Structure formats: C-alpha cells, structure tokens
Amino acid sequence: MVEITITYCPFDGYQFSEEDTKCKFCDFDRRRAWNLLKNSSSKSEKKPPWRKLLWIKQDYPDDHVDDTFLDELQKNVNVRAYDYWTVVMESTVISQHISSIVIFIAVFIDLFWGRLSAQNLIISGTVLTIIGYIFWDKSISKTDPAYEYKRWKTAKGAVLFFVTLLGLSPILKTLTKDTSSDTIWALTVILFLANMLFHDYGSENRTNIKFPGSLSTNAAIFASVLLASRLEVNSHVFGLMLFAVEWFALFPIFRRYTKSLSAKFNVALTCILFILATTLFLYISNVIAIIYVLGIIFITFACPYWLIWIQKYKNEIHGPWDEARPKLQPPNE
Amino acid sequence: MYNIAMVSDFFYPNMGGVEGHLYQLSLMLTQRGHKVIIITHSYGNRTGVRYLTNGLKVYYVPHMVIYSEATLPTIYGFFPIFRNIILRERINIVHGHQAFSSLCHEAILHARTMGMRVCFTDHSLFGFADASSILMNKVLKFTLSDIDHVICVSNTSKENTVLRAALTPQMVSVIPNAVVASQFKPDPSAQDKNFITIVVASRLVYRKGMDLLVAVIPRICKTEPKVRFIIGGDGPKRIDLEQMREKNLLHDRVEFLGSVMHHEVHSVLTKGHIFLNTSLTEAFCIGMVEAACCGLLVVSTKVGGVPEVLPRHMIIFSKPEEEDLVNAVLKAIKMIRLKEAVPTKFHDEIKEMYSWSNVAERTEKVYDKIWKLKTPPLMERLRRYYGCGIWAGKIFCIVMAVDYLFWRFLEWLFPTDEIDIAPAFPYQKYRKMFQMADEDDENS
C-alpha cells in the first residue's frame with residue numbers, strides 16, 4: 001500500500017509540520033481526512049478473496065461460485081494401468097477352473113457310459129493325490145517347522161474319510177432314485193455355475209472375501225452327489241465322489257500353490273488341463289469341445305484386451321466428502 | 001410475504017440435526033412475518049394437525065415408515081393429501097429437506113406439477129462408490145433436475161451435491177446451520193475440578209468413527225491418569241466401546257449415558273473440558289458448534305465440511321488415524337491444563353457467528369430469488385427430465401407425465417374452489433398477548 005501523508009491544507013495551502021493535527025487557519029482536521037483517504041483507498045482495492053469458511057461473514061452472496069470450486073476433486077486416483085500380458089497370465093486362474101469343471105463332467109460321462117472303469121479312476125486319483133501331498137508337505141515343512149506333527153493327523157483324517165465315503169456309497173447311489181434325470185442335469189448345471197461364480201480366484205490377501213470359498217466347494221460337492229446318484233454301480237459312485245473331493249476341495253489349493261511358485265508351472269498346468277479337457281470331450285461331443293476351446297481362447301486373449309480397452313471409460317471421483325477410512329494400528333500382543 | 005411449506009420425513013418427536021434445523025428455521029421465518037407450515041409423516045399415534053410453540057402448524061401425514069424414519073417411496077400415494085394441504089394453506093413455496101426423505105422428493109415433484117416455487121436443502125454428504133449412494137444419487141438427480149434453488153449446509157456439501165445431481169453451481173447456495181446460543185451457555189461450575197473431562201456425543205455407529213474412539217480411549221487413559229470420558233448416545237457400536245472398557249478396566253474413567261434427550265445435551269456438554277468428534281464423514285457437524293458454544297475445546301477429525309465450521313483457536317484437527325488422534329487429544333489436554341486456550345470465551349464469539357435469525361434472513365433471500373423466477377412450462381420440464389440419462393431420462397419423463405395427468409384428474413375430482421381455506425394462525429396477535437402476559441407477570 002502507498003503511504004499517504006497530507007503535507008498541505010487543501011483549503012488554504014498551509015504547510016503542516018510533523019506534529020500538527022489541525023490546520024492553524026481553518027481548523028481542517030488533518031487526521032480525520034487522512035483516515036477517510038485511507039479507507040476510501042482500501043475500498044477501491046480488490047475485495048478480500050473468498051475463503052472456504054462458514055464462521056466468517058464474507059462480502060459475497062451465498063450462491064457465490066469461487067474459482068477454487070471443486071479444487072479438491074480428484075479423478076481416477078486408484079486406477080492402475082494394466083499390461084496386456086500380465087492380465088493374460090492372471091486370466092489363467094479362470095481358465096484353469098473352467099477346465100477342471102469340464103474335465104470332471106467328462107469323467108462322469110465316461111463313467112456313465114462305462115468307458116472308464118472305476119478302478120482306474122480310484123487308483124490314478126489316489127496316486128496323484130499322494131504325489132501332490134508329498135509335494136505340498138516338502139514345501140510347507142520348509143516354511144513352517146511346526147507342521148511336522150500334523151502329518152499323522154492328516155493321514156488319520158484321510159483314512160477315516162475314505163472309509164466313511166465307502167460306507168455311504170450305496171446310500172448315495174439311491175439318493176435321488178425318485179427324481180427324474182432332467183431335474184438332476186438342470187440342477188447340476190446351476191450348481192456348477194454357482195461353483196464357478198463363487199470360486200475364490202484371488203491368490204493373496206484372503207482376509208476380505210464376501211463369499212467364502214466354502215460356498216463354491218459345497219456347490220460342487222452337491223453337484224457331484226447328484227451326478228453320482230445317477231450311476232449304477234457302487235464302486236462307480238465311490239470313485240466319482242472320491243474324485244470330486246480331490247478335484248474340487250484339494251486341487252484348487254494345489255493350483256493356487258503352483259501359481260505362487262512360478263509362472264512357468266502355472267502356464268504348464270493350464271496347458272495340461274486345457275489339452276486334457278479338449279481330448280476328453282472330443283470323444284464325447286465335437287460341438288462342445290469346439291465351444292470349450294473358443295471359450296477358453298476368448299477368456300484368455302480377448303477378455304484382457306477388452307478390460308484394457310474399457311478402462312478408458314473409468315471415471316472415479318474422490319473428494320473431501322468421501323467417507324474417511326480410519327487408520328488403526330495393529331494390536332500389539 | 002410467502003406461505004411456505006417445509007417438507008421432510010424427519011421432524012419432532014424424532015431428534016437430530018435436520019429436525020432442529022426445520023424447527024428453528026420455521027420459527028424464525030414466522031417471526032419475520034411469513035406463514036410456515038411443516039409436513040411430515042405420522043409418528044406413532046401422533047397423526048393429524050398439531051400446533052407447536054408460536055403457532056407453528058405441523059401436518060403429520062399417515063404414511064408407512066420403512067427404515068430409520070424414512071417413508072416408503074410411493075411416488076403418487078402422497079399427492080392427493082399433499083395437494084389438499086397446499087391448497088388449504090395457500091402455499092406458494094415448497095421447501096424440502098434431506099435427501100434421505102422420500103416424502104421430500106415426492107413433495108418436490110408434485111409441487112412442481114402444481115406450479116409452485118420449490119427449493120431443497122441438503123444436509124448430508126454422499127460418496128459415489130457404493131450401491132446405495134448410486135441409487136440415492138439417481139433419485140436426487142431426478143428431483144433436482146427440475147428445481148428452483150438448492151441450499152447446502154457447507155461448501156463441501158455444495159461441491160458434493162453439485163456433482164451428485166449434476167447441477168449448475170450458481171443454483172446452489174451455502175447457508176450453514178446455527179445454534180440457539182442462549183441454550184448453550186458455559187457453566188464452569190459443572191466441570192469436575194480434579195479431572196479433565198472429554199465428552200463424546202454422537203450416535204455410536206461406524207460412520208461416526210467409533211472404531212477410532214475404541215482404539216484411542218485406552219491409550220489416552222494410559223498416558224493421562226487425570227482424564228475421564230463421558231460418552232453420550234447409543235447405537236450398534238456401543239458393544240465395542242463397552243468391551244473396550246471391560247478389557248482395559250476403565251469403569252471409573254469411561255461413563256456411558258445412553259441416548260441423550262435434546263434438552264439434556266447442554267448439561268452433558270458443560271461437564272466437559274474437551275469435545276471429541278471422530279466422524280469419518282460430516283457435512284456440517286452442529287455438535288461441534290454446540291460444544292464450542294458451551295465453552296469446550298473441540299478436537300475433531302478433518303473430514304468433509306468440518307474444517308469450515310470453527311476458527312482455528314477453538315478446534316484441533318487430526319487425521320482420521322489412531323496415532324494422530326491420540327496426539328491431538330493429548331495436545332488439547334495440555335492446552336487446557338496450561339490454560340493456553342480459554343474456551344469459556346468461545347460462547348460470545350459463536351453467538352456472533354451462527355444465529356438462526358441470520359440463517360432465516362439468508363433463506364429469505366433465496367425465497368426472494370426464486371420468487372422472481374418463472375415456473376417452467378410442461379414441455380421444458382419434460383426436456384429437463386429427459387436429459388437425466390439414456391434410460392433414466394425416459395423413465396423420469398413417464399413418471400412426471402403420469403404425475404401431471406394425476407394432477408388433472410385430482411383437479412377434476414376435487415375442484416380447487418371446493419377446498420376450504422384454513423384460517424392463518426394470528427401470530428402477531430398471539431405475540432402481543434404473550435408480551436402482555438409477560439409484562440403482567442413482571443408487574444405482579
């Protein structure tokens with residue numbers, strides 16, 4: 001601001017000395033004039049800028065829209081840019097799961113038509129499970145030494161389960177005798193869809209899941225029970241149920257584990273499952289095999305591209321109105 | 001002078017920020033010579049027409065309540081009785097309150113069909129991410145696409161509403177809430193001299209940051225032995241708080257009052273030295289202003305509109321994080337102990353900052369402004385609704401068109417000239433008599 005001083009009386013030209021407050025000739029009030037001048041000059045200056053505060057009375061109308069309006073708006077802060085091949089790799093989780101369902105259905109059809117003997121299924125299933133267990137055991141005892149004593153418990157549990165299932169097989173066989181086959185096929189399709197939708201595809205951070213994996217596993221086991229009840233021979237029923245438990249309860253754990261182990265293993269496993277499902281179904285129905293192959297190609301190659309393409313329509317808005325996430329410290333025991 | 005109808009689901013006997021706002025604003029507008037009625041839904045056996053202090057007329061319309069006093073959205077069910085009330089009372093401005101209230105949304109739609117001036121006050125903040133807010137925002141966009149003016153309680157709330165309902169910001173005014181300063185006088189004699197008391201008064205729900213409170217109380221009690229807590233309010237998170245008290249053996253330091261009646265709030269607040277607000281989202285937070293008015297130093301999380309409400313010497317901000325909040329509270333305790341802050345002086349300052357007469361004056365300016373606007377013709381209204389979205393726009397147009405036809409039908413079935421006009425409450429006379437009675441009391 002410019003310092004204003006009045007050195008002369010405007011009426012008679014008297015020159016003020018430093019201490020003079022009034023004109024000696026005409027009583028002109030020097031201080032008051034100075035104050036008036038100061039006020040008028042500050043008023044002609046710009047209004048004080050608008051402030052985003054409610055407790056001060058500001059010289060602006062209530063519907064004033066300031067230049068700072070929506071300054072704190074943030075757009076798309078949480079958006080990650082996806083890389084095509086990473087997404088393709090991640091999509092293997094889904095194609096693996098679909099393949100495993102398709103393989104299970106193929107196994108059932110082969111059993112139903114008598115092309116596959118129950119003995120072969122039971123033996124190969126058990127052998128693969130044991131190999132898988134040894135594999136798992138080796139790696140987990142490396143990271144968790146307290147695991148040692150659990151082996152005996154696991155073996156006991158496995159035997160108990162084996163025997164129970166064997167005893168239950170005749171009951172399972174006749175469980176849905178009064179229900180028409182059409183109902184069973186329809187229900188099975190719905191249950192496998194539920195299994196596919198609710199399966200826990202995430203690999204890490206499994207603390208915050210809305211639908212636990214158990215819902216998906218239960219749906220699959222229920223579907224297997226329904227399918228098994230269509231079979232004629234006790235050993236077939238037992239074989240299919242054993243396979244179902246290995247395939248839907250234990251195999252996902254193995255798959256998740258391979259994925260965390262290395263990307264190569266994961267790709268290899270995906271390819272094996274894909275080839276297995278295709279060959280099994282080629283004997284059953286060419287049309288379904290082709291649909292399956294096209295579906296897997298769509299999921300693995302087209303969907304990632306689609307996802308990346310659709311990212312540009314993403315519009316996330318954040319601002320001070322968002323509910324804050326309280327940050328708590330982990331409780332120290 | 002206008003005849004104003006305030007419409008909201010939330011009114012006395014329910015208690016909260018919106019209810020208080022409606023009541024105080026209506027009283028002040030009545031004092032300024034307007035005629036104000038309130039339309040709300042029935043509460044229990046409280047149905048029909050009631051008069052409150054100073055002849056404030058309240059219509060309790062029978063309506064089904066679905067969730068926390070919000071009514072079932074029926075779109076047209078409310079129209080016949082609403083039209084009747086509007087015509088009986090010769091209303092010309094309809095003022096809806098609170099986005100949660102379906103009664104308010106319906107009233108805005110019908111009032112517009114009947115050619116009234118309409119404005120709306122938004123009292124809360126909303127996110128954009130979860131399903132319920134997406135639905136709410138769509139409904140809000142529908143009602144606010146044809147409105148004269150919107151009032152928000154803070155600048156943050158204004159930004160939020162403008163984004164949610166896709167409004168022009170020039171159509172939105174910011175008018176804060178206020179306090180009745182005479183009801184919140186500081187009373188240093190009520191404070192405990194041996195302890196520093198921290199008061200928490202809010203609903204005990206997640207949105208009010210109760211998880212933070214649970215984490216913070218034991219840590220503060222540990223470092224400061226001469227501090228105690230008084231917690232007023234009730235809600236699902238009370239169990240967590242009580243568990244925290246059990247676990248840390250703080251029965252003599254943490255006191256629960258349960259839900260506090262509105263007239264008791266003052267006596268609870270004056271017991272404390274510090275008011276703690278741990279909200280995760282807040283449009284205005286009237287509780288903080290009331291506390292400061294009672295002479296308490298405020299500690300609050302810096303969320304939503306909170307930073308706009310109080311000057312820096314009355315409030316200590318913290319991030320919504322455990323560590324930061326503990327530090328802020330400890331700082332406040334130190335300030336009280338060393339008398340760095342003199343909260344008892346806050347009362348006079350707050351009295352100047354937030355008064356209902358000021359709010360009423362500013363609201364009146366909004367009414368003046370919308371009074372000068374032209375009511376849009378039917379075609380223009382259809383055009384506005386049509387712009388709401390590819391599908392939503394068409395659905396909204398249908399809803400509006402049916403509403404118009406329904407109105408014509410009502411006009412034919414119950415013609416306007418057959419509806420009796422309710423005599424206005426003689427407010428000036430009433431007030432004069434009241435004053436005379438007061439004088440008589442003083443004389444005798």
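This note goes through a few local features of a predicted model.

1. Conventions. In this predicted model, local features need pLDDT of at least 70 and side-chain atom pairs count only at pLDDT 80 or more, while totals for chains, interfaces and linings use all residues. Residues are numbered from 1 along each chain as its sequence is written, and chains are lettered from A and ligands numbered from 1 in the order in which they are written.

2. A helix pair in chain B. Two packed helices are described by the angle between their axes and the distance between the axes. For α14 (residues 378-386) and α15 (residues 392-413) of chain B, the angle is about 150° and the axes are 7 Å apart. Helices (H or I, at least four residues) and strands (E, at least two) are DSSP runs, numbered from the N terminus. Axes are lines fitted to C-alpha atoms, for helices over the stretch in contact, and angles run from 0 to 180 degrees between N-to-C directions. α14(B) and α15(B) are therefore roughly antiparallel (over 145 degrees; under 35 is roughly parallel, 65 to 115 roughly perpendicular, and the rest oblique).

3. Residues between these helices. On the α14(B) side, the contact residues are Leu378(B), Arg381(B), Leu382(B), Tyr385(B) and Tyr386(B); they meet Gly393(B), Phe396(B), Cys397(B), Met400(B) and Tyr404(B) of α15(B). Contact requires C-beta atoms, placed from the backbone, within 7 Å. By class, the residues are 8 nonpolar, 1 polar and 1 charged (nonpolar: Ala, Val, Leu, Ile, Met, Phe, Trp, Tyr, Cys and Pro; charged: Asp, Glu, Lys and Arg; polar: the others, Gly among them).

4. Backbone exceptions. Most residues other than glycine have a negative phi, and most peptide bonds are trans. The bond from Tyr12(B) to Pro13(B) is cis, with omega near 15°, and Pro13(B) sits in the loop between β1 (3-7) and α1 (17-31) of chain B. Leu70(A) has a positive phi of about 65° and lies in the loop between α1 (30-44) and β1 (74-75) of chain A. Leu249(B) has phi near 50°, in the loop between α7 (238-247) and β13 (254-258) of chain B.

5. Leu27(B) touches Asn54(B) and Leu56(B), not counting residues up to four places away in sequence.

Terms used
Two residues are in contact if their C-beta atoms, placed from the backbone, lie within 7 Å.
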